[in-house]
Amino acid sequence: MSHQETEKVYPPLPHLPSHVGIIMDGNGRWARKRGLPRLVGHRAGVDNLHRIFRAAVDFGVPILTVYAFSTENWKRPEAEVRGLLSILKESLEKEVDELHKNGVQLRHMGSLDPLPVDLAQGIRDALELTKNNNRLIANIAFNYGGRAEVIKAVRCIMEEGTPPEEVTEEMISAHLYTAGLPDPDLIIRTSGEMRVSNFLLWQGAYAEYWATPVLWPDFGKEEFYKALNEFALRERRYGGLHEGYSETED
């Protein structure tokens, strides 16, 4: 976020989402199109993440949740998984001080248990270092799955001895990784796929979805603005009827 660039000026939007989720997809296809190893695509994807952090700050989006590695991604070839973990560790070591200086509060969503000890400690150190920052809350969903998150919440509630009839939506929300944060208003998926892939299943119940064929490493500030602009044009109903609805309508 420190380097100065001459950038396109984007018109202010009438309203912004307070929380944006991004399913970052297409790193492997980006690399394959260029005849490069998949890990080169993953590295390009991590580099792009920092650009999107800067864009979120510039546009005034206060909370960003990005899907970096799912609980299902452990099924990928061992060499690719090792490479992904190495890229994350390297990125943390290289970027965390800059993120901290620029007011980014890092949060982790998912389980640290299966991760290598040094990587898990590096994540904990980054969370501790940035915990009081408030310019951007960046939730990194790594070793995360939406179903596993809900199961974890339900188990916690049961362990607390809460009677079944006292369980509420608010109680479940308070036991999720996003406790204390608003649900996402907008969820973006790159690479043209049209599925949620076990991402924010509870929190995304009424989110607006926006998909783009652009592969994640190529998803830049302009594409991000397109998604935010589309969100600004939508009418959110939360299961109700559109404003001005008449019973005479079909």
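This is a predicted model: local features need pLDDT of at least 70, side-chain atom pairs count only at pLDDT 80 or more; totals for chains, interfaces and linings use all residues.
How are α2 and α7 oriented to each other?

The axes of α2 and helix α7, residues 221-233, cross at roughly 45° and come within 10 Å. The two helices are therefore oblique to each other. Their crossing is right-handed. On the α2 side, the contact uses Ile52, Ala55, Ala56, Asp58 and Phe59, and on the α7 side Lys221, Phe224, Tyr225 and Leu228. By class, that contact of α2 with α7 has seven nonpolar residues, no polar ones and two charged.

Next, α2 with α3. Helix α2 covers residues 38-59 and helix α3 covers residues 78-101; they pack at about 25°, with axes 10 Å apart. An angle under 35 degrees counts as roughly parallel, and α2 and α3 are therefore roughly parallel to each other. From α2, the residues in contact are Arg38, Leu39, His42, Arg43, Val46, His50 and Phe53. From α3, they are Ala79, Glu80, Gly83, Leu84, Ile87, Glu90, Ser91, Glu95 and Leu99. The contact of α2 with α3 divides into seven nonpolar, four polar and five charged residues.

That brings me to the cavity. Searching the whole structure for cavities of 30 Å³ or more gives one. The space in this largest cavity is about 60 Å³. Its lining consists of Arg43, Val46, Asp47, His50, Ile87, Glu90, Ser91, Lys94 and Glu95. The elements that contribute two or more residues to this lining are α2 and α3. Of these, α3 gives the most, with five residues. In the lining of the cavity, two residues are nonpolar, two are polar and five are charged. Arg43 is one of the residues of α2 in contact with α3, and Arg43 also lines the cavity.

Now the other partner of α3. Helices α3 and α4 pack at an angle of about 15°, and their axes are 10 Å apart. That makes α3 roughly parallel to α4. Here the crossing is left-handed. In α3, Leu85, Leu88, Lys89, Leu92, Val96, Asp97 and His100 take part, meeting Asp118, Leu119, Gly122, Ile123, Ala126, Leu129 and Thr130 of α4. The classes for the contact of α3 with α4 are eight nonpolar, three polar and three charged.

Last, the pocket. Which residues lie nearest the centre of the largest pocket? They are Met24, Tyr67, Ala68, Phe69 and Phe142, out of 41 residues in the lining. The largest pocket holds about 820 Å³ of space. Elements giving two or more residues to its lining are α1 (27-33), α2, β2 (63-70), α3, β3 (104-109), α4 (117-130) and β4 (136-144). Among these, α3 supplies the largest share of the pocket lining, eight residues. By class, the lining of the pocket has 21 nonpolar, eleven polar and nine charged residues.

To close, a word on α3. This helix packs against α2 and against α4. It gives the most residues to the lining of the largest cavity, and the largest share of the lining of the largest pocket also comes from α3.

Notes: Residues are numbered from 1 along each chain as its sequence is written. Side-chain values use heavy atoms; hydrogens and water are left out. Axes are lines fitted to C-alpha atoms, for helices over the stretch in contact, and angles run from 0 to 180 degrees between N-to-C directions. Helices (H or I, at least four residues) and strands (E, at least two) are DSSP runs, numbered from the N terminus. Angles under 35 degrees count as roughly parallel, over 145 as roughly antiparallel, 65 to 115 as roughly perpendicular and the rest as oblique. Contact means heavy atoms within 4.5 Å. Ala, Val, Leu, Ile, Met, Phe, Trp, Tyr, Cys and Pro count as nonpolar, Asp, Glu, Lys and Arg as charged, and the others, Gly among them, as polar. On a 1 Å grid over the protein atoms alone, a cavity is a set of points where a 1.4 Å probe fits but cannot get out, and a pocket is an open set with protein on both sides within 12 Å along at least five of seven lines; lining residues have an atom within 4 Å of a point. Grid points are joined across faces, edges and corners, and a volume is the space filled by probe spheres set on the points. A crossing is left-handed if the near helix is turned anticlockwise from the far one by less than a right angle, and right-handed if clockwise.
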